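Subject: Structure handover

Hello,

I am passing this structure on to you.

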Amino acid sequence: MTIMEDKQVMNRKTSSKELHLISCGWEKCTPDQSYGPGVRRYYTVHFVLKGQGYFYINNRKYTLKAGQCFFIPPVVSTLYKAEPSDPWTYTWICFNGENAAALSEHCHLTLENPVQQLTSVIPYAETICEMMTHPQLTPSNEAYIQSSLYRIIAMLEEEFHASYTTMEANDNFYITQAVDYIKKSPFLDITVTDVADYLHISRSHLYGLFKKHLGTTPQAFLTSAKIINARELLTITDIPIANIATSCGYQNPFAFSRAFKKETGMTPREYREKYHHAEDLLDC
């Protein structure tokens, strides 16, 4: 961790692929201090604690003051500088990961809306300061930093959820979570009810979301995911067809055979005879 009189920085990349910290810190800026124009390869959120400053992004200029935050997505040119008569002090987090884009959108921080008013910046500042007290590379510190990073994301989500009236974002969240749950659980005997329960919504709500956004039903999507998994097992393994049926959530081999033929035009046995050990034909 780098400590200076008016600045503290912790460069600490955690190991999670889904969401990981890159650095965090705070800084009391000088009247003439600025950054940019510059481009980063990760996501950044600054929380303004005191003073004022200016933020330039996407051909727009924003005037910020204490109690606001501003968001910088990766590979976007930005410039920000302190107001000379009242230079700002801010704290920040830099993060990245496979889920970083989706989580930022859930927090309503986007290129189109990069500045948000917060109820209070104190909880964010306190959490970041707590993260910076765990700079050593240990499993326990890694877990603490990760939990704190997710806590900041959760606070941002809660901050804007009540005032965010567009249902499209919530719909996208449910669809993304449902599809991810189904695709990651092909060996489980999951049902449409299981998916709805996982999302804490009704079956009818789930049905409406799938029809509206994917043009299919939850049951049809679930069946397709199971058959895709069955095709792979039939192609690259010698597992008995009855066992594949069970692995894909079918207790009745005849029901599995009917569903498979409806989806592919062939019975499981015919499919195996044609494509066994032909991995390159899985996408046919």
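The lining of the second largest pocket is made up of six nonpolar, five polar and three charged residues. Please keep in mind that this is a predicted model.

This second largest pocket has a volume of about 230 Å³. It is lined by 14 residues, and those closest to its centre are Lys7, Glu27, Tyr35, Arg40 and Tyr80. Two or more lining residues come from each of strand S3 (20-28), S4, strand S5 (43-50) and strand S10 (89-96). S10 provides the largest share, three residues.

I looked at Tyr35 in particular. Tyr35 sits in strand S4 (residues 34-38). Leaving aside residues up to four places away in sequence, Tyr35 touches Arg40, Thr78, Leu79 and Tyr80. Its relative accessible area is 30%, so Tyr35 counts as partly exposed. Pro73 is 38 residues from Tyr35 in sequence, and the two are 15 Å apart in space, C-alpha to C-alpha.

The largest pocket has a volume of about 560 Å³. Its lining has 23 residues, of which Ala102, Leu103, His106, Phe173 and Gln177 are the closest to the centre. Helix H1 (100-106), helix H3 (139-161) and helix H4 (167-183) each contribute at least two residues to this lining. The most come from H4, with eight residues. By class, the lining of the largest pocket holds eleven nonpolar, seven polar and five charged residues.

Regards

Definitions and conventions:
Residues numbered from 1 in each chain as written. Predicted model: local features only at pLDDT ≥ 70, side-chain atom pairs only at ≥ 80, totals over all residues. Heavy atoms only, no water. Helix = DSSP H or I, 4+ residues; strand = E, 2+ residues; numbered from the N terminus. Buried < 20%, exposed > 50% of the residue type's maximum accessible area, 1.4 Å probe, protein only. Contact = heavy atoms within 4.5 Å. 1 Å grid on protein atoms, 1.4 Å probe; cavity = no way out; pocket = protein on both sides within 12 Å on 5 of 7 lines; lining within 4 Å. Points joined across faces, edges and corners; volume = space filled by probe spheres on them. Nonpolar A, V, L, I, M, F, W, Y, C, P; charged D, E, K, R; others polar.
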